[in-house]
Amino acid sequence: MKILVCISHVPDTTSKINFVNDDSEFDTNGVQYVINPNDEFGLTRAIWFQEQQGATVTVVNVGGADTEPTLRKALAIGANEAIRVNTPATDGFYVAKQLAEVAKSGNYDLVICGKESLDYNGGMVPGMLAGLLNYNFVNSCTELTVEGTSAKASREIDGGKEIIAALLPLVIGGQKGLVEEKDLRIPNMRGIMTARTKVLTVLDPIAASVETKAVKFEKPAAKSAVKLFSADDIDGLISALHNEAKVI
């Protein structure tokens, strides 16, 4: 089984977020980047298929040279090879077109994406990719097993979960639950050294239209100061809840 894992290069969730150029661009200064957490769950599951069923695992990213440390980490975790499509990840449709070309060329049986990236939370790429490839698709996937050309997946739905049987080739949008957090791999020294010798292929992008662009970013409004009331000032508390907070 050939598995393609799509990797997003996203800011660490502890990073301080700022914007520049009249709030039209994300300020990357001082920001630490990591593998998108939803993608890391998918990568870990792919490595399980590699170890248990002899699958080959390729990771792919759409981005500039600055994303290569993230791909090298994926190789250190255990991926067999990496591909970088040399173009900025401008919008969901553009990224999906680039990934679809890679998936078609490699004739992969299973394509694993995170259901969304934790920077833009668009949630568009997995479904678009499945549509462009005409592959079966399971989103919000929390469990996945494969036997031969048949897959069994679970996904979250309102009020419970749904069990789905599907044939390969298949695209999934994975999330927490695909593996447990305790099962995530931390690269060891041997993995880091081995990653340096693994193939990282850089591809030119295909021509594709960019359908959307970010015009302006805006931070959430700052929280107001805390107002304290003495234990015997019940009337003042009720008045503030009613007239200021407007919650009663």
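T142 is placed in strand β9, where strands (E, at least two residues) and helices (H or I, at least four) are DSSP runs numbered from the N terminus. The structure is a predicted model, in which local features need pLDDT of at least 70 and side-chain atom pairs count only at pLDDT 80 or more, while totals for chains, interfaces and linings use all residues. Residues are numbered from 1 along each chain as its sequence is written, and side-chain values use heavy atoms, with hydrogens and water left out. T142 counts as buried because its relative accessibility is 9%; buried means under 20% relative accessible area, exposed over 50%, and partly exposed in between (1.4 Å probe, protein chains only). Leaving aside neighbours within four places in sequence, T142 is in contact (heavy atoms within 4.5 Å) with S154, R155, E156, Q175, K176, G177 and L178.

The secondary structure of the chain comprises six helices and 13 strands. Of the 248 residues in the chain, 40% are buried. The C-alpha atoms fill a box of roughly 70 × 45 × 40 Å along the principal axes. Among contacts in the chain with a separation of 6 or more, 69% are accounted for by residues 24 or more positions apart. The accessible surface of the chain comes to about 14,100 Å², and 51% of this surface belongs to carbon and sulfur atoms; areas come from the Shrake-Rupley method with a 1.4 Å probe, and for residues only the protein chains shown count as cover. The chain has 24 positive and 31 negative charges, whose mean positions are 5 Å apart. Lys and Arg count as positive and Asp and Glu as negative, with His and the chain ends not counted; each charge is placed at NZ of Lys, CZ of Arg, CG of Asp or CD of Glu.

A nonpolar core is a set of buried Ala, Val, Leu, Ile, Met, Phe, Trp, Tyr and Cys residues joined through side-chain atoms within 4.5 Å. The largest such core has 35 residues, and those with the most contacts inside it are V5, L43, V59, L144, L170 and I172. At least two residues of this core are supplied by each of β1, α1 (37–53), β6, α2 (68–77), β8, β9 (136–147), β10 (150–157) and β12 (170–174). Residues up to four places away in sequence not being counted, L43 touches V5, I35, V57, V59, A74, I77 and A79. A second, separate core of 21 residues includes I83, A96, A100 and A130.

Helix α3 (residues 92–106) has 15 residues and reaches 21 Å from its first C-alpha to its last, close to the 21 Å expected at 1.5 Å a residue; the expected span is 1.5 Å times one less than the number of residues. Among the buried residues of α3 are Y94, A96, L99, A100 and V102. The buried residues of α3 pack against β1 (2–6), β6 (56–63), β7 (81–86), β8 (110–114), α4 (125–133) and β13 (200–203). Just after α3, N107 takes a positive phi of about 55°.

V210 lies in the loop between β13 and α6 (234–243) and is partly exposed, with a relative accessible area of 45%. H9, in strand β2 (residues 9–11), is buried at a relative accessible area of 16%. With residues up to four places away in sequence not counted, H9 touches Y33, V34, N61, D66, T67, T70 and D119.
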